[in-house]
Amino acid sequence: AVKRFGQFMDTTRIGFMGHGFGGGAVPSLMRRALTERHWGTEGAFMYLMAPWYTYSVDPRDFQNFPGGVKVAVQTFDDDNLNDPRIAQDIYRSIEVPASEKTFLIVYGDRRGGCALEANDNVPQSSGSFYGEDDALDYYGVYRVADALMDYAFQKDTAARDIIFPRGKA
């Protein structure tokens, strides 16, 4: 895409988001973009949702991860496909300052016969390929992505406080 449409792209600000296998590939893609291509000089973020294994990453890559990256690692409480320990391992292993990474769990809810399931279909929680957005999509994924981008690219402190709340365990 960059070779073909690079004149329309600002590679000084980059972000990689992935879910499942895509989430597991994000650290490798980000590391290569930062170290080999020197992208992300004005901001970089990774958003890993329910990562399914890590792709093309050596444990030493996590120990020597390039600086300046904002990281969100997320799991879904009702997910019965992806093992949350993979996400936990990535979060613990990646050497990014604690103030610049966050681990999030999206919880579903059931009230009065209505269920919002935080499963592997989030976003597009309704379960169909062209599913309708619901509260889990908006507040559990889109809000996180928006805040992560605003903090990484604009240094927005209000966005930082949404994604990386200070003083909270």
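Reader: Is Arg 110 buried, exposed or partly exposed?

Author: Buried means under 20% relative accessible area, exposed over 50%, and partly exposed in between, with a 1.4 Å probe and protein chains only. Arg 110 has 47% relative accessibility, so Arg 110 counts as partly exposed. Before we go on: this is a predicted model, where local features need pLDDT of at least 70, side-chain atom pairs count only at pLDDT 80 or more, and totals for chains, interfaces and linings use all residues. Residues are numbered from 1 along each chain as its sequence is written, and side-chain values use heavy atoms, with hydrogens and water left out.

Reader: Which residues does Arg 110 touch?

Author: Contact means heavy atoms within 4.5 Å. Leaving aside residues up to four places away in sequence, Arg 110 touches Asp 78, Ala 115 and Glu 117. Arg 110 sits in strand E5, residues 109-111; helices (H or I, at least four residues) and strands (E, at least two) are DSSP runs, numbered from the N terminus.

Reader: And Arg 31, buried or exposed?

Author: Arg 31 counts as buried because its relative accessibility is 19%. Arg 31 is in helix H2 and, again not counting residues up to four places away in sequence, touches Glu 36, Ser 56, Asp 61, Phe 65 and Pro 66.

Reader: In what sense do E1 and E2 pair?

Author: Two strands pair if DSSP finds at least two bridges between them. E1 and E2 (residues 43-49) pair in the parallel sense over seven bridges, and the bridge partner of His 19 in E2 is Met 49.

Reader: Where is the cis peptide bond?

Author: Look from Val 122 to Pro 123: that bond is cis, with omega near -10°. Pro 123 lies in the loop between strand E6 (114-116) and helix H5 (135-154).

Reader: What is phi for Tyr 53?

Author: Phi of Tyr 53 is near 65°, a positive value in a residue other than glycine. Tyr 53 is in the loop between E2 and helix H3 (59-63).
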